[in-house]
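Biologist: Before we discuss this model, I would like each term tied to its cut-off. Please take me through the terms and then the values.

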Amino acid sequence: MAEIKTDLLVIGAGSGGLSVAAGASQMGADVTLLEGHKMGGDCLNYGCVPSKALLAAGHAAHAMQAGAAMGITPVAPEVDYAAAKDHVMQVIDQIAPVDSQERFEGFGVRVIREFGRFVGPRRVQAGEDTIIARRIVIATGSSPLVPPIKGLTDVPFLTNETLFDLREKPEHLIIIGGGPIGMEMAQAHVRLGCKVTVIEGMRALGKDDPELAAIALENLRAEGVEILEEAPAQQIGGKAGDIVVETPKGRVHGTHLLMAVGRKPNIDALDLDTGGIAHTGKGITVDACMRTSDKKVFAIGDVAGGLQFTHVAGYHAGLIIRQALFGLPAKENTAHIPWATYTDPEIAHVGLSEEHALQIHGDRLEVARFEYAHNDRAIATRQTKGLIKVMVVKGRPVGASIVGHQAGELIATWSLAIANKVKMSGVSAMVAPYPTIAELNKRAAGAYFSPKLFDNPRVKKVVRLVQRFLP
């Protein structure tokens, strides 16, 4: 048994932990990294990467049937579901070297492939090693939440951790959970030739702006996804290939079942109480600096119980580098953190939604809107379903919500504006290439100023006066 002393111990090699380890080690700190499972964590192996790869396969299949308006005769695609999963694995394999043990050891990181648990304040046991760290970063992420539905444990079911290993195409996939994961996988599978039913206990895409969610859900239903809302799963029965879900709105029969109802923090194996680390069922308790109840122990990403996105974990990593390496203050600010759901059309948000902005700012709130149907590139590509709305207070955007083609790309502009306190005049001043979807952001900013300029009697009076004297 070895005792290791280190400047910084990182527990978990997902996106947040890897970012901290790489940055700290390359800046000269002695860094130890623990990972008892797969390097790259959930995002690379079970989450963002494989789900977007499968969505891409579904998009390719859908494109073969979507060209009639442009003179292309639709044809039914021949889908090899196992080959589509091969594509998913190839994408993972191509990205994996970036997150590999070898790469991080090349940075100078001491990588130990064991799970860690606290055996005392800032003391962690990992296999046969005891690590004593000056500072610790807990970045163990989250895993699928499996709710206590009657009968669930008696039937085979999938989660995001097992779905991508499935090689046999589901004849009828039942998805419990109508959030981003559930709806993305619903659309991917219906486009790959499966029958899909989504069961949601409340409202599908319930965390999104209702107006935007309705546009996305209309498209999903049009493609054949059956969505039962306000229909919580009450009981599950059956066997492999013949699964039955009981809901208040009737019984649903399917061949496969995917649980996509949410996530839970990975804290059970850490023995946090022994380490003196406060926690709840939602995750590790942290302050605005991501510090735990032990001020030299930090928690970042999903395990900290806040926004559960890969890019948030990466953002947290930067806060830790600033504090743990340089002793400088750094507090979390989520006002500029965007998030996206990669259905077709995509949905993206940053900052305050219209509802929340109205609650906070009341009559001071102005909402600028612009529809995809007025964007020339969207018209040319037949992708006119969607809109953007920007919440503005005193000339500054405080939030933006977008549904439509490339919404996840467009939202970055508004994150930049909010992060840097750019006014709507600044966004309006940018020049986007014509014709591009990116013009939507500029046009939304223009929509904010249009009533102030074109419907303003004072402006008209000034212009008429100037025209009288202008040579």
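Modeller: Contact means heavy atoms within 4.5 Å. Axes are lines fitted to C-alpha atoms, for helices over the stretch in contact, and angles run from 0 to 180 degrees between N-to-C directions. Helices (H or I, at least four residues) and strands (E, at least two) are DSSP runs, numbered from the N terminus. The model is predicted: local features need pLDDT of at least 70, side-chain atom pairs count only at pLDDT 80 or more, and totals for chains, interfaces and linings use all residues. Residues are numbered from 1 along each chain as its sequence is written, and side-chain values use heavy atoms, with hydrogens and water left out.

Biologist: Across which strands does H6 lie?

Modeller: H6 lies across strand E8 (172-176), E9, E10 and E14, and runs at about 165° to E9.

Biologist: Why are E10 and E14 said to stand at the edges?

Modeller: Two strands pair if DSSP finds at least two bridges between them. The open sheet has the order E10-E9-E8-E14, with parallel pairing. Strand E10 (226-228) and strand E14 (256-259) each have a single partner strand, so one side of each lacks a neighbour in the sheet. From one strand to the next, the twist averages 20°.

Biologist: What makes E9 and E10 a pair?

Modeller: Strand E9 (residues 195-199) and E10 are joined in the parallel sense over three bridges, and the definition asks for at least two. Val198 stands opposite Ile227 in E10.

Biologist: Why is strand E20 called mostly covered?

Modeller: Buried means under 20% relative accessible area, exposed over 50%, partly exposed in between (1.4 Å probe, protein chains only). In E20 (residues 346-351), five of the six residues are buried.

Biologist: Which residues are the bridge partners of Ala348?

Modeller: Ala348 in E20 is the bridge partner of Ala340, and Ile402 in E23 is the bridge partner of Ala348. Strand E19 (residues 338-341) runs antiparallel to E20, with four bridges, and a hairpin of four residues joins them. E20 also pairs with strand E23 (residues 396-404), antiparallel, over six bridges.

Biologist: How do you know which residues line the second largest pocket?

Modeller: On a 1 Å grid over the protein atoms alone, a pocket is an open set of points where a 1.4 Å probe fits, with protein on both sides within 12 Å along at least five of seven lines; lining residues have an atom within 4 Å of a point. The second largest pocket holds about 830 Å³, a volume being the space filled by probe spheres set on the points. Of its 26 lining residues, the closest to the centre are His59, Arg191, Asp344, Gln383 and His405. H3 gives the most to this lining, six residues.
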